[in-house]
Structure formats: C-alpha cells, structure tokens
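Here are a few notes on the charged pairs, for you to go through with the viewer open.

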Amino acid sequence: MNSILIAGAGQAAIETAAALRARGFEGQVCLFGAERKFPYQRPPLSKQILTGKMDLSALDLRAEAFYTNKNIKVRTDTQVTHVDPAARTIQLESGETASYDKLLIATGARPRPLPIEGSHLKGVCYLRSLEDALNIQQQLLPGNRLVIIGGGYIGLEVAASARTMGCEVSVCEMAPMVMSRQVDGEVASLFEERHRAEGVNIRCSARVSAIKGVDSVEAVIVDGESVPADLVIIGVGAIPNTECLANTDLLTDGALWVDANCRSRDPHIYGAGDVTTQLRANGLNMRLESVQNAAHQSKAAAAAMLGQEPPRDEVPWFWSEQYDMKLQIAGLPAEGDEPIVRRFDNGISVVYLNRDIVSAVSVVGNPREFMAAKKLIIKKCPVKRDQIADSGITLKELIQFKTGDEVEAHVDKLRAKLQED
Ligand code: FAD
C-alpha cells in the first residue's frame, strides 16, 4: 500500500496521520483541508479565544515542523468535492483528481442552519471555525446585547465568555432545560443557576419565531416578545459534512457509518470524528462530537488501515467549561439507566446505573470523582446502589473490587472505622 489520502484537516485527520506514522506506515500521507488555516483545535474557540485569553499560535494542533518531519502533506484551502469508491479516486474543487489505496473521511460537521425569518441579517453568526470566533470576538463589546439561540454547551460557553466580556446576554432554549441532550436535570439546573447569577437571561421552553432588522439584526422575536439584539449567535447543533459522499451508499442518517474499527461499508474507505456515526456500547448508532471521540476513532482507523491490532477500548468522554465551572461527562447512558445524584462541597455528580454497573457519569467540580467513575465504567466493576447513593463513599473506593459483596464488606469496614474514630 502506497497512498493514504485524508479528506479534512481537523482533529481527526491530524490524529490519524500521526497514528499512521507512529504505527510505521512509510507511504504517502496527504491531507486535504477546506480551511485556509493550518489544522487547529476547536474547543478554545468558544472559551479562551472569545475572551482573548489565548494566543492564536497556541491553537495549532501541531507545529508546522511536525508535518515536515513526519512527511505528512497538508493541502489547505482545498475542498474534496467528490469520492469515487469504484475508481478509488477523490476529486478536488479545482477539478484535479487523486488516487488512493485507502481513504479517510474526516470532514467533521458544520453548524445546523436555522431557517427562520431574518437569519440572513448582518450580525447573525454561527460558531465552528476560527474565522467565526474572531468575527464574534470583535463584537463582544461591553454593553452590546447578545441573543444566543440554543442552550447547548456551545451556546452556554459563548454566554459565559460574552458575560465575561461585559455583554448583555440572553439565551433562548427550546427545551424545558439547558443542555438537555447532554446532561441530567440536576446538572443542568446548576449551570442554569450560575448563568442567572452572572446576569444571563436564560429563557427555556422558548419559541424563537424571527430575527428582525433592516440590514443588521435589531431584535429577536421570542414567544411573541421583541428582545433587542446587536448580535445573534445560533447554536442549534451540527450536521456532518458528507457532500463528497453524496453519490455513495456509505451514509446512515446523514453521517458516514463506520464499524467498531472505523471501517465504512467500502473496504478502502474509513471514517473518524464528527462526520461518523458508529454503533456504541449502549446499542445505538450515534454521532459523538468530542475531541476524545475524534482521537480514539483516529487510532482505530489508522490501525484498521494498516491491518494492525485495534487500540484498547476507551470510555467516551467530554468536557465543557463555563465561567470557572468544569463539566466532565463519561460513558453513554442507555434508556432506563438510573441516575443517582451525589453532592459534594463544591460540586455534584450524577452516576447512571445499569443494574449494578456504572454506565455513565456527569461531574461538576470534582475531577477525582470523574477519573474514578471512568475507571468504574471501563472495568465494569460491580457496585451497589446504596453505595453510589452515599456521597461519603468515594468512587475510588469501589474500583478495586470484583463483586458487589466484596465492595459491601469493604464499605462496612470503612463505616465501622469512621464510627470508632
Ligand atoms: P473538525 O475539527 O471540524 O475538522 C474537519 C475539517 O474538515 C474542517 O477543517 C473542515 O473545514 C474540513 N472539511 C469539511 N469538508 C471538507 C471537504 N469536503 N474537503 C476538505 N476539507 C473539508 N469537544 C470537546 O471534547 N470538548 C470541548 O470543550 C469542545 N468544545 C468545542 C467548541 C466549539 C466552538 C466547537 C466548534 C467544537 C467543540 N468541541 C469540543 C468539538 C470538537 O472540537 C470536535 O468534536 C472535533 O473538532 C472533531 O474533529 P473532526 O476532525 O471530526 O472535525
């Protein structure tokens, strides 16, 4: 095998190229990225970039020397327009074609458009790229009125950054609570309370019907009320960039379907990152938009392309930062898993139980709890409900045991010792 081409030049593309070299592949590796900028990380875009706390040079995924040293070719400003699986070629916007032995699709996703009246007006923005972030940052001036449509993690991170910059911020969320696709109600309330305490006008169960203005945005119509706005940011989800696969049968629910080893239905095409949907441990085909998912799928795709052993399984995890609050999520709860709330001095966690196994966790303000929960999930350590419900027992205590009875005996000992003390 001589040539591996990669459509896309973001997180998943870079991680795959690096993994191919680390695994000893010496043939051609070439990335085609639609953006002008060299590959960079997106998480800081809604956080440190909006608040001006990060130097742009710190955003690069790798220093340029890395690509030279590893003989990885990156063609920026080059869109892949078409994939021909039968001919094993890709076509670029310029009309140029290139042949591959293996192809990785790592084209990510883009913001889901909100087709309402006024969404074309100047001052209506989406956030996905550095260009978007810099454009928004320039408008986060003290006193400017910002309306965010969508109370998911991107909307709320932007809200926190904009408040930090002194803007007047409203968040309009269609669901009855914020971050409803990501977290349990207890965790959502904690973030909602904090945003309210910081002065953000959070409006849940909100119906946004139009954006008003002549050339530029002037107001957003929410539940029939006109909310004045100098800037509107729409954060209502993302859709996979799959146009180059439009004429193939490789898509499921609009995303590139891949198996556990990141192989698509075509033996020469693989996928990693936000563009993919994959069968997960909870039995569902799911698209995960996270750095960890992109990184892990990249390792798996590189191994599969080279016919090597797949990497060890990982628990999916994700983080979000709003003000000084850090949310960490691991695992994927299945329908019917029981959420159990644990409270600490400075935080909270919600542990999801599937019978006696921890399936997922959301943690705020307790990184140790998060690390321990991740281990419980991956090792499938048996636990008992009342042990999880007791916040006095750290999750770390529960990792070392193979059966629930062993845990119980240990916890009894701990409790007896506490009473003695
Ligand atoms: P991307 O990094 O988006 O890269 C895909 C690249 O492919 C893009 O450069 C795109 O322009 C290019 N492309 C698209 N179509 C084509 C084509 N036809 N031809 C050539 N190139 C193409 N995750 C976390 O875990 N924690 C966070 O806190 C977090 N915060 C985030 C904040 C923001 C504002 C955003 C936007 C995302 C955040 N994420 C976070 C998600 C995380 O950044 C993504 O999951 C990750 O970047 C996915 O990597 P990817 O390579 O699949 O896609």
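Which residue forms a salt bridge with Glu-321?

1. That would be Lys-326, with the closest N and O atoms 3.9 Å apart. For the record, a salt bridge here is a side-chain nitrogen of Lys or Arg within 4 Å of a carboxyl oxygen of Asp or Glu. Glu-321 is partly exposed at 27% relative accessible area, and Lys-326 is partly exposed as well, at 36%. (Buried means under 20% relative accessible area, exposed over 50%, partly exposed in between, with a 1.4 Å probe and protein chains only.) Salt bridges with shared partners also join Arg-194, Glu-198 and Asp-324 into one network.

2. A word on the source: this is a predicted model, so local features need pLDDT of at least 70 and side-chain atom pairs count only at pLDDT 80 or more, while totals for chains, interfaces and linings use all residues. Residues are numbered from 1 along each chain as its sequence is written, and side-chain values use heavy atoms, leaving out hydrogens and water.

3. Searching the whole structure gives 20 salt bridges. One of them pairs Arg-128 with Asp-274, at 3.0 Å from N to O. Arg-128 sits in the loop between β9 (124–125) and α3 (130–139), and Asp-274 in the loop between β20 (269–271) and β21 (276–279), so the pair ties together parts 146 residues apart in sequence. (Helices, H or I of at least four residues, and strands, E of at least two, are DSSP runs numbered from the N terminus.) Asp-274 is buried, at 11% relative accessible area.

4. Have a look at Arg-287 and Glu-289 too: their salt bridge has its closest N and O atoms 2.8 Å apart. Glu-289 is partly exposed at 26%, and Arg-287 is partly exposed at 23%.
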